[in-house]
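Reader: Hey, I'm new to this one and could use a hand. Can you walk me through it?

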Amino acid sequence: MITSLVPTWLAQVAPVETDQVEEALALNSNVLMEQFYFFTVVIMWLIHVGFMAYEAGASRRKNLMSTAMKNILTIAVVTPTFYYVGWYIYGCFEPGFPTVGPDSLDGHDGPAQFPGFCGQTAPWADEMGPTLANHLNAVFFLAFLLFSWTTASIMSGALIERVRLSAFLILGSVLGSVVWIMDAAWGWSSGGWLTVQFGFHDSIASLVVHGVAGAFTLGVLLNLGPRIGKYTKEGAARTFRGHNTHLTLMGLMLIFTGFYGFYAACLFITPTTFPGWLNIYGSPTTLGAIAFVITVGFAGGFTGGWFASKGDPFWTLSGGLAGVISVSAGADVYHPSLAYLLAISGAMLAVWAGNYIERKLRIDDAVGAVAVHGVCGFYGVFLVGIFAGGYPTGLNNVESSMGGQLMGMMAFLPLAFIPGYSIAWLLKRFNLLRVPPEVELEGLDLAEFGQDFYPEFERVPEVIIEPDGREVDGAPVLLDAYWQTNGRPAERVGAGSEERS
Amino acid sequence: MFDAFPYDEWSEDIAGFWTFGPESSTGTYILTVLGVAVMIIAFVGFVMLENRKLAHQQATLKASGALDRPSTGA
């Protein structure tokens with residue numbers, strides 16, 4: 001059998017021309033790159049498995065499935081919106097907002113008039129279908145799609161237990177398929193205006209993914225309001241216990257695992273075009289360098305979170321996330337020791353910011369997303385201005401600087417916050433943002449799905465932790481809060497007027 | 001290069017079927033419009049279906065009186 005194949009094999013290994021060898025090498029290179037991005041996508045799915053477990057565990061038993069369903073349907077809505085809208089934004093909005101007209105040079109007249117990357121991102125372009133001529137675009141699109149899911153999922157946890165599923169899907173689509181990808185076009189691409197003009201440097205997306213998601217989420221939370229009973233009449237914060245802390249912690253560990261795929265997908269490798277790895281701006285780096293920083297970042301983050309929260313399990317693991325986010329912007333250039341120190345500081349900042357947001361500002365962020373992702377995302381790009389100033393960024397090799405970093409922060413804060421606040425305000429006006437208070441008290445699962453999702457376990461009274469640490473029966477507390485707010489739980493109680501008892 | 005397998009030739013033959021014609025063709029435009037329309041309808045459906053469920057459950061709970069404030073001091 002084997003001997004019959006030898007003549008065929010010999011014919012194929014006969015002397016070939018140099019251009020044929022180069023063609024074969026190019027094909028191998030492209031297929032290698034295609035596989036690389038494909039497997040980063042597979043690994044990044046774990047982020048969404050993790051988000052679902054993390055948020056479901058952090059919810060009370062009565063809201064388990066409604067919480068998980070947000071994460072599942074994120075995939076259902078962000079995928080088509082990103083396909084039809086988001087990818088085109090990334091390809092065509094690098095120069096900024098559209099300038100339409102005969103003198104337009106930036107491609108906003110339409111993809112047909114712009115033969116480069118922009119022209120490949122419209123849904124009807126060859127590269128957006130199963131073409132055999134392009135190995136990169138489809139998997140590159142998928143990697144960015146997974147970033148979009150992640151961005152929307154960051155907001156998801158903050159809103160649990162009172163937001164309408166449909167409202168979240170609308171908000172998540174805007175965040176995942178418009179807002180974040182717009183800022184990625186501006187400051188997370190080799191040709192973005194922030195990159196080529198100001199040397200803005202955020203190599204693994206501290207701000208363009210995490211910070212922006214946090215700012216958008218803050219705008220939504222200001223309209224959504226706290227969960228019923230979250231604050232006392234004096235404005236002190238109660239604690240609602242998640243129904244399964246083990247599930248939450250496992251979810252966070254899955255997110256961390258998926259982050260390695262996220263980090264890897266932020267790099268380029270095409271051996272026949274570039275001699276080595278490139279970051280998103282086209283600047284040389286190595287896969288090892290960023291893997292080193294992410295691992296050290298977790299170590300520093302866990303350490304900082306542990307000490308800042310005095311050993312609180314939730315904040316210790318969230319500290320790991322905060323630590324990594326704080327060093328992501330400079331992950332391609334930081335020394336591991338520097339990353340370790342900065343990650344510790346970022347985690348400690350997240351714990352402090354989380355407590356401040358909950359207790360002083362009285363904003364009910366159920367999982368600390370604004371603190372961990374928002375605050376640490378902005379902190380991360382600020383740190384690059386301090387510790388990586390002068391590093392050449394982008395195709396123009398513009399030196400990164402504090403000024404460039406601040407320019408990015410000033411551009412992205414309103415880009416994220418204003419749409420989040422505005423759309424949530426509109427939904428609130430039409431009474432489509434929040435579930436009715438009666439449904440919130442009873443639990444969303446019975447209204448949305450008509451069942452309890454632990455049918456084999458007896459239901460026990462809900463326990464709430466009062467600000468002074470006492471554990472009390474939740475039912476009277478929640479009912480009293482319901483009566484006090486007169487069916488308008490979105491009103492914040494005494495924000496900014498009372499100190500925590 | 002691939003003497004034993006006509007990959008390039010087959011690729012050219014199959015490309016037209018895979019993409020419903022060349023880029024920016026009527027076929028790809030129709031598919032895009034259909035996809036966008038279904039996506040928008042799905043969004044409207046998510047909102048309406050959930051609104052109906054929540055309104056029904058809210059009415060049921062209010063009618064049951066389970067959440068009413070007691071008339072005498074508790």
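Predicted model: local features only at pLDDT ≥ 70, side-chain atom pairs only at ≥ 80, totals over all residues.

Reader: Okay, so what span should helix α7 of chain A have, and how far apart are its end C-alpha atoms?

Author: Helix α7 of chain A covers residues 206-224, which is 19 residues, so at 1.5 Å a residue it should span 27 Å. Its end C-alpha atoms are 25 Å apart, which agrees.

Reader: Where is the kink in α7(A) centred?

Author: On Val212(A), and the kink is about 25 degrees. Just after α7(A) comes Gly225(A), which takes a positive phi of about 80 degrees.

Reader: How many residues of α7(A) are buried?

Author: 17 of the 19, so α7(A) is largely enclosed by the rest of the structure.

Reader: Let's zoom out. How many helices and strands does chain A have?

Author: Chain A has 16 helices and five strands. Of its 501 residues, 56% are buried. If you take the contacts in chain A with a separation of 6 or more, 77% of them join residues 24 or more positions apart.

Reader: And what about chain B, how many helices and strands there?

Author: Two helices and zero strands. Chain B has 74 residues, and 8% of them count as buried.

Reader: Switching topic: which residues have the most contacts inside the largest nonpolar core?

Author: Met155(A), Leu171(A), Val212(A), Phe216(A) and Ala350(A), in a core of 149 residues. Helix α5 of chain A, residues 165-187, brings the largest share of this core, 15 residues. Another core lies apart from it and has five residues, among them Val435(A) and Leu444(A).

Reader: What is Met155(A) in contact with, leaving aside its neighbours within four places in sequence?

Author: Its contacts include Leu171(A), Leu175(A), Phe216(A), Val220(A) and Ala369(A).

Reader: Is Ser326(A) buried or exposed?

Author: Buried, because 35 other C-beta atoms lie within 10 Å, and the cut-off for buried is 20 or more. Ser326(A) is in helix α10 of chain A.

Reader: Where does Arg60(A) lie?

Author: In the loop between α2 (18-58) and α3 (64-92) of chain A. Arg60(A) counts as buried, with 21 C-beta neighbours inside 10 Å. Setting aside residues up to four places away in sequence, Arg60(A) touches Glu161(A), Phe240(A), His243(A) and Glu462(A). Arg60(A) and Asn244(A) are 184 residues apart in sequence, yet 8.2 Å apart in space, C-alpha to C-alpha.

Reader: What about the strands, in what order do the three in the open sheet run?

Author: The order is β1-β4-β5 in chain A, with antiparallel pairing. The edge strands are β1 (239-240) and β5 (471-473) of chain A, each pairing on one side only. β1(A) pairs with β4 of chain A, residues 463-465, over two bridges. In that pairing, Thr239(A) stands opposite Ile465(A).

Reader: One more thing: what is phi of Lys310(A) near?

Author: It is near 60 degrees, a positive value in a residue other than glycine. Most residues other than glycine have a negative phi. Lys310(A) lies in the loop between α9 (287-308) and α10 (313-328) of chain A. Arg362(A) has a positive phi too, near 55 degrees, and lies in the loop between α11 (336-360) and α12 (369-387) of chain A.

Reader: So which of those is buried or exposed?

Author: Lys310(A) is exposed, with 9 other C-beta atoms within 10 Å, whereas Arg362(A) is buried, with 22.

Key. Residues numbered from 1 in each chain as written. Chains lettered and ligands numbered in written order. Helix = DSSP H or I, 4+ residues; strand = E, 2+ residues; numbered from the N terminus. Expected span 1.5 Å × (residues − 1). Bend = angle between axes of the 7 residues up to and from the residue. Buried ≥ 20, exposed ≤ 12 C-beta atoms within 10 Å, placed from the backbone. Contact = placed C-beta atoms within 7 Å. Core = buried A, V, L, I, M, F, W, Y, C linked by C-beta atoms within 7 Å. Pairing = 2+ DSSP bridges.
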